[in-house]
Structures are given as C-alpha cells and as structure tokens.
Amino acid sequence: MSSTAVSSPMASSKTESYVDNKRKEDIRHANIVAARSVANAVRTSLGPRGMDKMISTASGEVIITNDGATILNKMEVLQPAAKMLVELSKAQDASAGDGTTTVVVIAGALLGHCLSLLSNGIHPTVISDSLHKAATKAVEVLTAMAVPVELSDRESLVKSASTSLNSKVVSQYSTLLAPLAVDAVLSVVDPAKPNQVDLRDIKIVKKLGGTVDDTELVKGLVFDKKVSHASGGLTRMENAKIAVIQFQISPPKTDIEQSIVVSDYAQMDRILKEERQYILGMIKKIKSTGCNVLLIQKSILRDAVTDLSLHYLAKAKILVVKDVEREDIEFITNTLNCLPIANIEHFRAEKFGFADLVEELPVGDGKIVKITGIKDMGRTATVLVRGSNQLVLDEAERSLHDALCVVRCLVSKRFLIAGGGAPEIELSRQLGAWAKVLHGMEGYCVRSFAEALEVIPYTLAENAGLNPIAIVTELRNRHAQGEINAGINVRKGQITNILEENVVQPLLVSTSAITLATECVRMILKIDDIVTVR
C-alpha cells in the first residue's frame with residue numbers, strides 16, 4: 001500500500017510535465033518535404049546541359065523554358081512552405097536576375113541536411129543560428145575568391161553574359177546576345193550614378209519572323225506598330241520634329257451620358273461643319289509650330305483620332321503613329337528628350353524631340369516604325385528581338401533579360417567569380433575545415449551546410465551525363481591541392497581551370513543565392529505549426 005501511495009504523486013507530476021512535440025515535428029517534417037519536392041522539380045534544369053520544361057497553362061498557352069523563376073512562377077503550389085521557395089526564386093530574380101534555379105537547389109539541399117540534424121535531436125534554433133554564421137562566413141570566402149573587373153574591360157563583361165546564356169534554350173546565339181546585352185547596359189549607365197542601372201531604360205521589342213540571329217540593338221526608338229495610312233498618310237520623314245501628345249484630335253464629347261436629337265438636315269450639316277472646323281483648327285495650330293511627326297497616346301474615353309482628323313493630318317504632311325501605350329510614354333519622352341503635351345493650348349516647339357529619320361519598315365509579316373538619329377538622345381536603349389515562332393521569341397526575351405541582369409550585377413558590384421561548381425566546392429572545403437575548429441553543435445551544423453553546397457557540382461555533373469561521384473571526388477581533390485578555380489567543364493566532360501575556359505559569373509549572383517537560400521531555410525525551420533484562418 002505504502003509503495004503505491006509514494007509512486008502516485010510521481011506519476012501525476014510526470015503527466016503534468018509531458019509536452020506533445022510530435023505535432024510540431026510532423027509539421028516541420030511536412031514543410032521540409034514539400035519545399036524539397038519543389039526544389040527537386042527544377043533541379044534537372046540546372047546548368048548548360050540542364051533539361052527544359054514544357055509548361056502548359058489552363059488557358060492552353062505553352063511555354064518552353066529552363067529559367068527557374070519562370071518555371072516556379074507558372075507552377076500552382078498549394079503548400080505554404082513550398083510557396084516560400086517560389087518567393088525565394090522571385091527574390092533572387094529581383095536582386096541578381098540570374099541564379100534562380102541555383103538558389104532553389106541550394107535551399108532544397110540545406111533542408112535535406114536540416115532534416116537529418118533534427119532527427120539527431122538538435123534544436124531548430126541552434127541549427128538556424130549556425131546556418132546564419134555559416135552563410136556569413138561563406139560570403140567572406142566568396143569575396144576573397146573574387147576577381148575585380150572594370151566596366152572598360154568589355155571582354156570580361158561579355159564572358160559573364162555568355163555564361164548566363166549558355167544554360168538557356170537559345171544558347172547557340174550567345175555570341176550575338178551577350179555583346180548586345182553588354183552594349184545595351186553600358187549605354188544606359190549614368191556617369192552621375194555609376195553603380196546603378198535601371199533596366200526599365202532598356203526596352204525589348206519582340207517581332208515575329210526571321211531568326212534570333214536577326215536580333216539587333218537599335219540606337220533610337222522602335223514601335224511594334226505601323227504608321228497610320230489613312231488618306232495616303234506619310235511613311236517616312238526626314239529631319240523629324242516629333243511631338244508626343246496625350247490629348248485627342250477628335251470632336252469633343254459631353255461629360256455625361258446623354259443623346260442629342262437632331263430634327264432636320266440643316267442642324268446635321270451644322271454639327272458636321274462645327275466638327276470639321278474644330279479639328280481643322282487643332283491641326284493648323286499643330287502645323288504652325290513646324291511639327292511633322294505625331295505620336296498619339298491611346299485614349300480610353302474616346303477615339304484619340306478619327307478618320308477625318310487622319311485625313312487632315314495626311315494633307316498637312318504630318319506622319320502619325322497612333323495608339324501609343326500609356327506606360328511607354330515615359331520611356332519615349334526620356335529617349336527623345338522631349339515633354340509630353342497634354343493640351344492643344346500647350347503645343348509649343350520647345351516641347352518637341354528631334355530626329356534625323358522616322359520611317360516605317362517591313363519586318364517579318366508585319367511592320368515597325370523606327371526612329372533613328374535622335375538629337376540629345378536620353379540614356380536609353382531599344383533591343384529588337386526576332387524569332388521564328390512565339391515560343392522561341394518569348395524564351396529569347398527571358399534569356400536576354402537574364403544576360404542584362406548579369407551585366408547590371410557587375411555594374412553594381414564589380415567582381416567576377418568562377419562558375420562550373422568551383423565556388424561551391426571551395427566553400428564546402430573551407431567551411432568543412434572551419435567546422436572542425438568550432439565546438440559543440442555548431443560544428444555539426446556548419447559541416448552539414450558545407451556538405452549541402454556540394455549539390456551544385458553534383459547536379460551539374462549529373463545533368464551533363466557524367467559520373468557525379470567520380471567528378472565531385474576529383475573536384476574536391478583538385479581544390480585540396482590549391483586549385484581554387486578548378487570546375488566542371490561539361491563540354492569536355494572533365495575538370496579544368498574554369499576561369500581559363502571563360503566560364504565566369506558575377507560575385508553578386510553567388511553571394512545573393514547563398515544568403516537568400518539560408519534565410520528561407522531558417523524561416524522554414526522556425527515554423528512549428530500552421531494555423532488556417534477561414
């Protein structure tokens with residue numbers, strides 16, 4: 001009896017102190033598994049020999065790409081933690097523009113190693129803090145490996161842009177697109193802000209027909225529309241005086257919905273005469289300033305121009321490009337170095353832009369309007385992208401955007417680093433050595449971080465059809481002997497000095513990928529419950 005009396009308080013105290021951690025572990029495990037499945041989906045598209053994905057949308061649209069950000073953006077991901085990897089890819093696209101697949105693959109590998117650390121009983125907070133320290137150390141190691149580059153060294157910039165394009169569907173055109181991307185970015189760099197590039201100053205115009213070889217950088221403006229041909233309108237104008245107008249050259253309408261009843265023909269004639277006089281008065285005012293090219297913004301409220309106004313403009317020998325999109329107005333005015341005119345009363349010559357030539361040209365099965373020889377042209381550039389079909393055209397645009405982003409990275413942070421898995425293996429080696437110096441759990445976590453980084457060279461070798469284990473082992477050996485720029489040359493199927501092979505990338509792409517991937521993994525680790533709010 002006495003023994004049972006003693007043991008019962010002990011049993012009750014144990015019951016009170018018991019905490020059910022199973023649910024937290026299950027949620028964390030489910031989150032990690034879901035996020036890793038997203039990473040595994042894009043892993044096969046990493047590197048120059050990576051596979052492409054065919055994406056079929058609900059609307060029947062088909063996209064062929066191996067750009068990580070595009071693939072993840074089009075995927076319908078429902079699990080909240082898996083959505084974080086989609087957002088991670090978008091964050092990398094915004095900060096660096098390239099490395100969108102790399103960042104997701106690294107995050108997936110880190111999560112896999114975190115799962116084994118959690119199963120060994122290490123607390124998520126300890127793992128999270130260790131990952132943060134390891135990421136900070138990794139950025140230091142990468143910066144020490146980097147090679148400084150000057151913007152005047154055009155060859156290095158072209159090499160970097162070319163490396164970015166080599167993993168794309170349009171990789172065979174990298175010799176054309178890489179120099180084009182470099183020239184486009186360098187032409188918009190403002191000497192007053194040498195470390196900043198706004199890619200909105202580079203307009204990409206897509207036109208079906210021809211091949212990607214016909215893509216060109218235009219020093220001027222290109223409109224993917226034709227000149228107004230009503231009543232024999234002009235299609236070519238030399239010594240152009242260009243006005244960008246935001247008002248309508250058409251009869252005014254009442255502000256409220258109402259109908260006007262006309263009872264006899266005399267009144268009808270009077271209305272038509274008034275309309276003609278109104279339009280004629282506007283065109284005479286335009287002509288008197290010497291303007292001979294009009295760019296007319298698309299109007300929502302009523303027709304920006306009517307057949308009658310186009311007829312009078314053709315008679316006045318004024319070339320007209322209508323339906324210019326509202327969002328393009330800022331780019332056009334910056335390029336032409338002119339001001340948009342919102343009212344006929346403000347129509348003055350000092351608001352004009354001046355160009356040597358405005359002409360309509362046949363391109364593919366359509367026409368474009370090209371403005372060249374612009375006086376005092378703003379710091380903008382236009383790229384006319386060509387392609388034999390819509391899929392190639394869209395992928396060429398995405399690839400060109402990545403190449404532009406790579407050059408932008410080099411403008412903001414002027415350091416280059418080797419590609420081909422070289423920085424990841426070097427990081428893995430140095431962090432592995434650092435982990436041995438650390439005490440306790442931190443050492444285990446940093447070693448796992450170092451091992452996780454080997455996923456990049458392993459995947460590069462795997463996607464290229466090489467033996468990944470043999471290649472990664474050989475790569476480790478070469479780095480241990482001090483060859484920090486040894487990387488995987490997928491074309492030769494062996495390990496070479498990757499800097500000599502011109503496989504380079506901006507430092508910002510690598511540092512951003514590691515920092516963002518670590519942040520995302522730390523966030524997923526800290527989640528121990530999902531609360532659904534209806």
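**Labels and their cut-offs**

Analyst: Asp376 counts as exposed, because its relative accessibility is 62%. Exposed means over 50% relative accessible area, buried means under 20%, and partly exposed is in between (1.4 Å probe, protein chains only). This is a predicted model, in which local features need pLDDT of at least 70 and side-chain atom pairs count only at pLDDT 80 or more, while totals for chains, interfaces and linings use all residues. Residues are numbered from 1 along each chain as its sequence is written, and side-chain values use heavy atoms, with hydrogens and water left out.

User: Where is Asp376 placed, and what is its phi?

Analyst: Asp376 sits in the loop between β12 (366-374) and β13 (381-387). Helices (H or I, at least four residues) and strands (E, at least two) are DSSP runs, numbered from the N terminus. The phi of Asp376 is positive, about 50 degrees, although Asp376 is not a glycine. Most residues other than glycine have a negative phi.

User: Why is Asn502 called partly exposed?

Analyst: Asn502 has a relative accessible area of 34%, so it is partly exposed. Its place is the loop between β16 (494-497) and β17 (504-506). Asn502 is not a glycine, yet its phi is positive, about 65 degrees.

User: What makes Lys370 buried or exposed?

Analyst: The relative accessibility of Lys370 is 15%, so Lys370 counts as buried. Lys370 lies in strand β12. Leaving aside neighbours within four places in sequence, its contacts include Glu216, Val218, Leu221 and Leu357. Contact means heavy atoms within 4.5 Å. Lys370 and Leu357 are 13 residues apart along the chain, and their C-alpha atoms are separated by 8.1 Å.

User: And Pro148: buried or exposed?

Analyst: Pro148 has a relative accessible area of 58%, so it is exposed. Its place is strand β3 (residues 147-148). Leaving aside neighbours within four places in sequence, Pro148 is in contact with Arg414 and Phe415. Pro148 and Ile417 are 269 residues apart in sequence, but 8.9 Å apart in space, C-alpha to C-alpha.

User: How do you know that helix α11 is largely enclosed by the rest of the structure?

Analyst: Helix α11 (residues 329-336) has eight residues, and six of them are buried, so α11 is largely enclosed. The buried ones are Ile329, Phe331, Ile332, Thr333, Thr335 and Leu336. After α11 comes Asn337, with a positive phi near 60 degrees.

User: What makes the side chains of Arg478 and Glu483 a polar contact?

Analyst: The two side chains make this contact at 3.0 Å. A polar contact is a pair of N or O atoms within 3.5 Å; within protein, one must be able to donate a hydrogen and the other to accept it, and residues adjacent in sequence count only if both atoms are side-chain atoms. Arg478 is in helix α16 (residues 468-480). Leaving aside neighbours within four places in sequence, Arg478 is in contact with Glu483, Ala486, Ile495 and Thr496.

User: Why are α9 and α10 called oblique?

Analyst: Helix α9 (residues 265-288) and helix α10 (residues 307-315) pack at about 40 degrees, with axes 10 Å apart. Axes are lines fitted to C-alpha atoms, for helices over the stretch in contact, and angles run from 0 to 180 degrees between N-to-C directions. Angles under 35 degrees count as roughly parallel, over 145 as roughly antiparallel, 65 to 115 as roughly perpendicular and the rest as oblique. So α9 and α10 are oblique to each other.

User: Which residues of α9 and α10 meet?

Analyst: Arg276, Ile279, Leu280 and Ile283 in α9 meet Leu308, Ser309, Tyr312 and Leu313 in α10.

User: What makes α6 and α17 roughly antiparallel?

Analyst: Helix α6 (residues 124-145) and helix α17 (residues 507-526) pack at an angle of about 180 degrees, their axes 9 Å apart. Therefore α6 and α17 are roughly antiparallel to each other.

User: How do you know how α4 is oriented to α17?

Analyst: The axes of helix α4 (residues 80-95) and α17 cross at roughly 155 degrees and come within 10 Å. That makes α4 roughly antiparallel to α17.
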